[in-house]
There are 2 protein chains.
Amino acid sequence: MGLIVQKYGGSSVADATAIKRVAKRITETKRAGHDVVVVVSAMGDTTDELIDLANEISPMPPAREMDILLTAGERISMSLLAMAIANLGVEAQSFTGQQAGVITDEVHGKARIIDVKASRIRQAVETGHVAIVAGFQGVNPNTNDVTTLGRGGSDTTAVALAAALEADVCEIYTDVDGVFSADPRIVPTARKLDRITYEEMLDMAASGAKVLMLRCVEYARRTGVPIHVRSSFSGREGTLVTDAPIEGEGQMEQPIISGVAHDRSEAKITVVGVPDVPGTAAAIFEVVAGAGVNIDMIVQNVSAARTGLTDISFTLPASDGAKATAALAAVQETLGYESLQYDDTIGKLSLVGAGMRSHPGVSAKLFGALRDAGINIEMITTSEIRVSVVTRADQLDDAVRAVHTAFGLDSTDEEAVVYGGTGR
Amino acid sequence: MGLIVQKYGGSSVADATAIKRVAKRITETKRAGHDVVVVVSAMGDTTDELIDLANEISPMPPAREMDILLTAGERISMSLLAMAIANLGVEAQSFTGQQAGVITDEVHGKARIIDVKASRIRQAVETGHVAIVAGFQGVNPNTNDVTTLGRGGSDTTAVALAAALEADVCEIYTDVDGVFSADPRIVPTARKLDRITYEEMLDMAASGAKVLMLRCVEYARRTGVPIHVRSSFSGREGTLVTDAPIEGEGQMEQPIISGVAHDRSEAKITVVGVPDVPGTAAAIFEVVAGAGVNIDMIVQNVSAARTGLTDISFTLPASDGAKATAALAAVQETLGYESLQYDDTIGKLSLVGAGMRSHPGVSAKLFGALRDAGINIEMITTSEIRVSVVTRADQLDDAVRAVHTAFGLDSTDEEAVVYGGTGR
């Protein structure tokens with residue numbers, strides 16, 4: 001008995017049959033005595049199809065109009081879902097982001113939620129309705145214009161609504177069973193995690209785990225909303241993302257390592273032969289930042305081989321590679337470096353665990369496992385609860401398996417693992 | 001130089017190519033120095049496809065959710081059209097019915113416009129934008145819920161906006177060249193009318209001419225908005241619907257007859273052997289009205305053959321035939337009639353012209369023309385500016401051609417007539 005916010009992604013409502021299945025799950029939750037608020041994405045490939053239409057019309061569609069176009073997708077899925085629920089004998093009403101009181105800033109295409117005025121949703125719930133809310137969208141209160149939240153937007157809508165409504169839990173339904181100790185497509189013995197802290201989940205998401213987006217986890221941590229990541233295709237318990245102790249469990253014993261994340265989407269740029277004087281690194285990263293590129297890991301070589309010169313390497317999203325190299329090439333004379341090297345055949349492995357704070361030797365054990373597997377390490381960064389290394393891309397899968405085993409994460413039971421792909 | 005409201009139907013924006021063509025016409029109007037507000041319907045078959053989806057989900061979709069679903073269609077077409085216009089270098093902004101201030105009552109699926117608060121549209125126009133407004137939709141101000149206007153809704157949106165903005169003209173773009181003296185598919189010599197009064201247009205629409213819906217013409221007459229019906233596929237002048245004298249034309253000489261309309265969508269019910277006492281007709285039509293059926297023509301036979309009994313015939317939309325006969329059959333004993341006859345193989349021909357007021361003998365000439373063509377008349381009704389007769393359905397085309405010729409309406413010039421189908 002309580003208030004549950006459930007979020008269903010596009011693959012969970014891809015067609016009429018899928019919508020009816022989701023409606024059944026929602027009515028079961030409602031009939032079990034809970035109040036239910038549902039956040040829904042656009043059906044299947046609707047958003048991509050609308051983007052294609054826009055590109056047929058204009059190479060540079062205005063952002064305001066693009067947002068109006070794309071929000072048609074949730075309008076369709078939310079009303080159909082409300083119809084399907086009503087057809088099962090439970091009263092339901094659907095609401096746009098604006099009607100649900102999702103207030104954002106004015107940045108079309110990647111707006112940030114600045115407030116949730118959920119009085120209308122609260123009223124719908126209090127009068128016994130299931131409230132269906134369009135994910136991914138809000139309203140700019142100054143212009144009354146619709147905005148979209150960008151990637152991970154529907155998850156964020158769900159968490160924001162859960163926070164505003166003081167819901168007991170925000171259930172994120174996806175096509176996998178939860179958060180795993182590694183990607184089961186690479187590590188068949190990966191274990192589903194029953195619990196994970198916000199901090200660990202943030203580091204997992206930042207390190208390439210795709211099941212939850214960073215911004216949604218950040219919102220949950222800031223507001224203290226427990227997230228339950230679970231499958232819309234099975235009835236199983238998934239992974240609970242929370243810092244709160246679970247009733248009856250006593251003080252949770254922190255596992256040293258929660259999981260091994262990997263990321264194949266980055267590239268490495270090396271600026272070769274940089275004058276080894278103060279301010280050089282600052283100058284390079286100002287240029288990169290000025291091009292609108294976020295960088296991840298940075299390594300500055302010890303300048304031994306050539307007196308007065310050094311090399312600086314950093315990683316960045318491979319999709320920003322052209323932009324960053326062009327920006328750096330344009331200022332080669334000013335910066336005085338010798339050459340640029342670009343490498344997009346790298347992989348990144350990250351070991352995440354809140355317990356490693358109190359356990360020295362985690363890094364050493366990681367490096368040892370990689371050495372034993374014959375894998376060369378190209379870059380290293382460490383933070384409080386994470387160690388990340390860069391390897392060759394084609395060695396990444398072997399590296400993930402070796403590390404997963406070395407830290408005792410392999411599943412020992414026979415439980416079948418259900419894993420349908422990356423989350424959305 | 002002035003403010004022009006243009007309305008484009010679904011067939012005019014059926015795909016990316018069509019949207020670009022419409023965008024070109026709009027920018028040409030704008031570049032000619034006019035302010036332009038555009039009302040647009042959903043693309044091609046979008047609305048029907050959404051209805052099909054809803055029916056897959058639920059046999060009885062709640063009306064509120066149905067309206068949310070259907071309004072996604074205009075959301076898509078309006079934003080794409082704004083993108084296409086922007087791509088031609090003219091600033092454009094799209095607005096939902098709510099954003100455009102189209103205030104309606106609360107009747108989902110067939111809401112009535114009760115006010116238009118067009119300040120936001122006015123502001124867009126004053127800042128040099130083309131404003132694109134979603135047709136067919138409005139908002140119930142008490143609940144902030146979206147509503148749809150039902151059949152002919154987009155035309156009505158256009159006229160309502162034109163009235164609120166005091167536009168110089170409301171151009172309704174369709175797939176025919178204008179309003180014709182008869183349906184050119186039946187009468188190849190039909191003439192496009194350059195002008196027609198609201199009253200005549202109302203009678204034409206009520207008599208089966210499909211180019212404009214009755215409610216849109218009613219709104220225009222009440223508010224005095226001139227409507228220009230024209231083709232989105234040609235550059236020609238269409239038909240101007242207005243009561244105002246045209247500058248430089250002096251007092252318009254009223255033609256006796258404007259056109260011949262026909263309607264094949266009605267059926268005839270005859271209640272046979274009704275007691276010929278006061279109140280019987282009232283009782284019959286109370287039963288029919290109670291079933292939600294609108295009737296059109298009524299004829300009560302002179303009770304000569306059988307003392308104390310008479311027959312009452314009336315016409316109604318054939319789509320309501322089952323409902324009306326069921327309602328009447330249920331009260332046969334109370335009403336005391338002998339039997340019911342149902343006939344859906346009738347056709348209705350209507351002669352419309354404001355000039356017939358001052359020209360006696362129009363009816364006689366009509367009946368003579370039909371007699372000469374060997375066509376039997378089954379029912380007759382007359383009003384101030386209209387005479388309607390019911391014939392056998394399979395004789396209707398011959399009847400229309402005979403009457404069109406008899407009243408000298410056949411075109412004498414060689415101008416090619418462009419007519420692509422019924423208007424929407």
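Good morning. Between chain A and chain B, about 3300 Å² of area is buried, and carbon and sulfur atoms give 61% of it. Buried area here is the accessible area, with a 1.4 Å probe, that two parts lose on being put together, summed over both. Three residues, Ile57(A), Arg75(A) and Met83(A), supply 22% of the area that chain A buries against chain B, more than any other three residues. The contact takes 41 residues from chain A and 41 residues from chain B, where contact means heavy atoms within 4.5 Å.

Let me state the basis of these values. This is a predicted model, in which local features need pLDDT of at least 70 and side-chain atom pairs count only at pLDDT 80 or more, while totals for chains, interfaces and linings use all residues. Residues are numbered from 1 along each chain as its sequence is written, chains are lettered from A and ligands numbered from 1 in the order in which they are written, and side-chain values use heavy atoms, with hydrogens and water left out.

I turn to chain A as a whole. Its secondary structure consists of 13 helices and 20 strands; these are DSSP runs, helices being H or I of at least four residues and strands E of at least two, numbered from the N terminus. The C-alpha atoms fill a box of roughly 80 × 55 × 30 Å along the principal axes. Of the 424 residues in chain A, 55% are buried. Buried means under 20% relative accessible area, exposed means over 50%, and partly exposed lies in between, with a 1.4 Å probe and protein chains only. Among the contacts in chain A with a separation of 6 or more, 75% come from residues 24 or more positions apart.

Val271(A) lies in strand S14, residues 266-275. Is this residue buried or exposed? Val271(A) counts as buried, at 0% relative accessibility. Beyond its neighbours within four places in sequence, Val271(A) is in contact with residues including Ile284(A), Phe314(A), Leu328(A) and Tyr337(A). The C-alpha atom of Val271(A) is separated by 9.9 Å from that of Gln332(A), 61 residues apart along the chain.

Helix H12 of chain A, residues 362-372, has as its buried residues Val362(A), Leu366(A), Gly368(A), Ala369(A) and Leu370(A). Against what do the buried residues of H12(A) pack? They pack against strand S18 (346-352), strand S20 (386-392) and helix H13 (396-406) of chain A. Just after H12(A), Gly374(A) takes a positive phi of about 75°.

Most residues other than glycine have a negative phi. Asn144(A), however, has a phi near 65°. Asn144(A) sits in the loop between strand S7 (137-140) and strand S8 (145-148), and is partly exposed, with a relative accessible area of 28%. In chain B, the phi of Glu166(B) is near 50°. Glu166(B) is found in the loop between helix H6 (153-165) and strand S9 (169-174), and counts as exposed at 69% relative accessibility.

Finally, Ile85(B) belongs to helix H4 of chain B, residues 72-87, and counts as buried at 0% relative accessibility. Thank you for your attention.
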